[in-house]
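Keep the sequence and the 3D view open while you read.

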Amino acid sequence: MTPLLKIENTVSGYDEADVLAGVSLDVAEREITCLLGANGAGKTTLIRTLLGLNPIRSGKVFFKTTEITGWPTHEIVRLGITCVPEGRRVFPAMTVLENLRMGGYLNESKSDISERLDYAFTIFPKLKERVGQLAGTMSGGEQAMLTIARGLMGNPELIIFDEPSLGLSPLFVKENFRVIQEINGQGISVLLVEQNVRQTLAISHVGHVLAQGKIITSGNTETLRESDALKAAYFGG
Amino acid sequence: MDLGFLAQFFVNGLVLGVIYALVAVGFTLFFGVLDVIKFSHGDVLMLGAFTALATYLGLSDIGVAPGVALILVFVAGIAGMAFVGAIVCKFLVLPLRGAPQLNTLLITLMFGTVIRESVRLFYPSGSNPKPFPKLLPDNAFEFGNLTLRLDSCIIVLLGILAIIFTQLFIQKTKFGLAIRAVAQDEETARLMGVNFKTVVLLTFALGSALAAVGGISTGLYYQEINFAMGLMLGLIGFSSAVLGGLGSLYGAIAGGFLFAALQTVGAVWFAVPAYKDVFAFAVVIMLMAWRPTGLLAERNEERV
């Protein structure tokens, strides 16, 4: 079966330096695929590259059977890819409702938008109480909820989460991972990029470990958990 | 000094304030979406006024009624400058992304000079001031020392309508939502599916269309335009936007009216009209020393 997302030999970086030295990775349909790696391994660069925010230097990216290498970002996300970016990037001067509307920017169907709004509010009832609040004035945990809810407003087949646990309290992290699992249960494929090994492996089907711009090991989560390469990626051992 | 006399100054200041606010809103929009200063803005305003004038002369040749001509003059100026604004953005501003912002400032400053000198050289006897047609009814109402001209009222009303339209467009439409998204976080906006270039081009078109309204209003008010009118109006509009807090829509509007108020106070105070600009700019300098980021300072979460 063709994977939903296929990344082949991707090289990318900033200025003179290559950050990714030929990364290949597949995301299968309906699965949670995780990408683990320590700080500076190139995880965010990989996401930025496949979404067209960073220019690709060589390699190819496919979504289903369409090659999307070098496409502008707005064309890529139109295919049904949503990204929940790192660092709770809400639109700070917009209300919660406006942020959610931005998430449904490409969704032309008004009835679908209101259905998705209801769905987002059932997952995060707290957001419903805050529809009129400016997103910039919410707490970090609430902003994290909002970015996830916003990501659900389109009609995604694939959601990419870039470090959803970063900087959140353990309680919020647990809640976020539960939500990610629930979203996956709706049939949406997930690429989960994380540093948090234990909890990530607990909900993923397949994993890849990135270190110094290369995938050093891949496999199902049981084998990865025991993998020495995974430990090496984090502890340099 | 009697009340009617002061009211007269107030009304005159109001007309200027609307015009300045129209120019300042453009500066703030450009800065909002791209963090750039487009210094050809004043000369685009002048070009808008000349486009309107040329359109009027063409229309009066074929005998179009003045009422219809008034509408067509505005349409031509607005559409023409929206187009010029988008072109400037596409070929002079967007390609310079990634270069220091100073380069954008310089290149648009030079382009403004090209527009200005081209009008001077190629518009028939373009170096002389041109009479601008009286297209608005010039009925006047006398209240003691106050003469309220109907055309002044219409200019103020039109300008305020243009500003309200811009505000509603940005706050209420999906496209306006995209403009605000780009201003607040360009990358995340792109991730939501916003076509960044289209949004930026249309924002520049919108800002430049407002400059055209400002230019035509200036022509209608003074009944005279000249090729260099954009220099001072551009500078005042830019100062107003910075005074209010560059990037903030309300700041730009407030800055425009404040600058006009300062000029008016200067004119009343010194009784020599020529001193009004010296006074206004001197106060602006002091205000900026006091509040370096503008009176309604842009906080990150408040942009456009």
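## Helix 9 of chain B

Just past helix 9 of chain B, B:Gly245 has a positive phi of about 115°. Helices (H or I, at least four residues) and strands (E, at least two) are DSSP runs, numbered from the N terminus. The model is predicted: local features need pLDDT of at least 70, side-chain atom pairs count only at pLDDT 80 or more, and totals for chains, interfaces and linings use all residues. Residues are numbered from 1 along each chain as its sequence is written, chains are lettered from A and ligands numbered from 1 in the order in which they are written, and side-chain values use heavy atoms, with hydrogens and water left out.

Helix 9 of chain B covers residues 229-244, which is 16 residues. From first C-alpha to last it reaches 23 Å, close to the 22 Å expected at 1.5 Å a residue. The expected span is 1.5 Å times one less than the number of residues. Is this helix enclosed or open? Of its 16 residues, 13 are buried, so helix 9 of chain B is largely enclosed by the rest of the structure. Buried means under 20% relative accessible area, exposed over 50%, and partly exposed in between (1.4 Å probe, protein chains only).

## Aromatic pairs

Rings of Phe, Tyr and Trp (its six-membered ring) pair if their centres lie within 6.5 Å; planes under 30 degrees apart count as stacked, over 60 as edge-to-face and the rest as tilted. By this rule there are 15 aromatic pairs over all chains. One of them joins B:Phe50 and B:Tyr123, edge-to-face, at 5.0 Å centre to centre and 75° between the planes. B:Phe50 lies in helix 2 (residues 41-61) of chain B, and B:Tyr123 in the loop between helix 4 (101-122) and strand 1 (130-131) of chain B, so the pair ties together parts that are 73 residues apart in sequence. B:Phe50 and B:Tyr123 are both buried.

B:Tyr221 and B:Tyr222 also pair edge-to-face, with 5.0 Å between centres and 70° between planes. B:Tyr221 is buried at 12% relative accessible area. B:Tyr222 is partly exposed at 48%. Elsewhere, B:Trp269, B:Phe270, B:Tyr275 and B:Phe279 make up one aromatic cluster.

## Charges over rings

A charge sits over a ring if NZ of Lys or CZ of Arg is within 6 Å of the ring centre and within 35 degrees of the ring normal. Which ring does B:Lys174 sit over? Its charged end is over the ring of A:Tyr105, 5.0 Å from the centre. In chain B, the charged end of B:Arg291 sits over the ring of B:Trp290, 5.0 Å from its centre.

## The sheet of chain A

Four strands of chain A form an open sheet in the order 2-1-4-5, with antiparallel pairing. Strand 2 (17-27) and strand 5 (66-67) are its edges, and each pairs on one side only. Two strands pair if DSSP finds at least two bridges between them. Strand 1 (residues 5-14) and strand 2 of chain A share eight bridges in the antiparallel sense. A:Ser12 stands opposite A:Leu20 in strand 2 of chain A.

The loop between strand 1 and strand 2 of chain A holds A:Asp15. A:Asp15 is not a glycine, yet its phi is positive, about 50°. A:Asp15 is exposed, with 72% relative accessible area. Helix 1 (residues 43-50) of chain A lies across strand 1, strand 2 and strand 4 (58-63) of chain A, running at about 110° to strand 1. Axes are lines fitted to C-alpha atoms, for helices over the stretch in contact, and angles run from 0 to 180 degrees between N-to-C directions.

A:Asn184 belongs to helix 7 (residues 170-185) of chain A. A:Asn184 is buried, at 11% relative accessible area. Leaving aside neighbours within four places in sequence, its contacts (heavy atoms within 4.5 Å) include A:Arg30, A:Glu31 and A:His205.

A:Arg30 lies in the loop between strand 2 and strand 3 (32-36) of chain A. A:Arg30 counts as exposed at 56% relative accessibility. Its phi is positive, near 65°, in a residue other than glycine.
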